[in-house]
Amino acid sequence: MYRLFAPRDLGAIAALAAVAFLILAIFGWTERTDLFDPNDLSVTGWSWRLWQIGPLVFAFAGVWWIWLSTRRVAWVRSLALGILAGLVFANGYTEFFGDYRGDVWRTVNPLFIATCSVSAVALWRCRCAAGKIGAVISVILGVVVFANAHFINNGVVWQIMDPVRMLTEITWAGAARYANVAEPADAE
């Protein structure tokens, strides 16, 4: 029977295209935020918060689909996480994106939150104490970024979270090819 979100075992080019599509779709959505938040109220405006539901849905569906569909080309997962860390670095520590700085953050944040959910499940399924601790840490990081991005917007929290996110994404990138949430941990 056909299952919409079943693993697809994409090839390298299709997987890379899916990653690019996801990033560009979320960026395109967030770049149009001014249509619903013309006064740039951001986290204080409910229209802005409602508009940001779209990127969260895209990110969760896209990240999970890509994760489940890249078992044969697991290196794409690592590359995507490395790109995400590079985006955080370029946007947080350089002027590379110029006027699109806020749009890049609104793109990176839902992607990071979604990757937190994938890593939490993957780490929890390894059935060891370190994995369970890592899963809890992943959930906490995702909740902190979600709360700060959508409700609080505290600059000090962002100053702390930017390097934490980069290091976390690089760590996940190193381990992403060894984890598979589509199969039980003991299926070898």
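Student: Does α5 pass α6 in a left-handed or a right-handed crossing?
Tutor: A crossing is left-handed if the near helix is turned anticlockwise from the far one by less than a right angle, and right-handed if clockwise. Here, α5 crosses α6 in a way that is left-handed.

Student: Good start! What kind of model is this?
Tutor: Residues are numbered from 1 along each chain as its sequence is written, and side-chain values use heavy atoms, with hydrogens and water left out. Local features need pLDDT of at least 70, side-chain atom pairs count only at pLDDT 80 or more, and totals for chains, interfaces and linings use all residues, since what you see is a predicted model.

Student: How many helices are there in the protein?
Tutor: Helices (H or I, at least four residues) and strands (E, at least two) are DSSP runs, numbered from the N terminus. The protein has zero strands, and its elements run α-α-α-α-α-α-α from the N terminus on. The number of helices is seven.

Student: Is α5 roughly parallel or roughly antiparallel to α6?
Tutor: Helix α5 (residues 101–124) and helix α6 (residues 129–152) pack at about 160°, with axes 8 Å apart. Angles under 35 degrees count as roughly parallel, over 145 as roughly antiparallel, 65 to 115 as roughly perpendicular and the rest as oblique. Therefore α5 and α6 are roughly antiparallel.

Student: Which residues does Thr 107 contact, leaving aside neighbours within four places in sequence?
Tutor: Thr 107 lies in helix α5. Contact means heavy atoms within 4.5 Å. With those neighbours set aside, the partners of Thr 107 are Ile 23, Ile 26, Phe 27 and Thr 30.

Student: Is Thr 107 buried or exposed?
Tutor: Buried means under 20% relative accessible area, exposed over 50% and partly exposed in between (1.4 Å probe, protein chains only). Thr 107 has 3% relative accessibility, so this residue counts as buried.

Student: Which residue's backbone oxygen does the side chain of Thr 107 reach?
Tutor: The distance to look for is 2.8 Å. At that distance, the side chain of Thr 107 reaches the backbone oxygen of Asp 103.

Student: How far apart in space are Leu 81 and Met 166, C-alpha to C-alpha?
Tutor: Leu 81 sits in helix α4 (residues 75–93) and is buried, with a relative accessible area of 8%. Leu 81 and Met 166 are 85 residues apart in sequence. In space, their C-alpha to C-alpha distance is 9.2 Å.

Methods: Axes are lines fitted to C-alpha atoms, for helices over the stretch in contact, and angles run from 0 to 180 degrees between N-to-C directions. A polar contact is a pair of N or O atoms within 3.5 Å; within protein, one must be able to donate a hydrogen and the other to accept it, and residues adjacent in sequence count only if both atoms are side-chain atoms.
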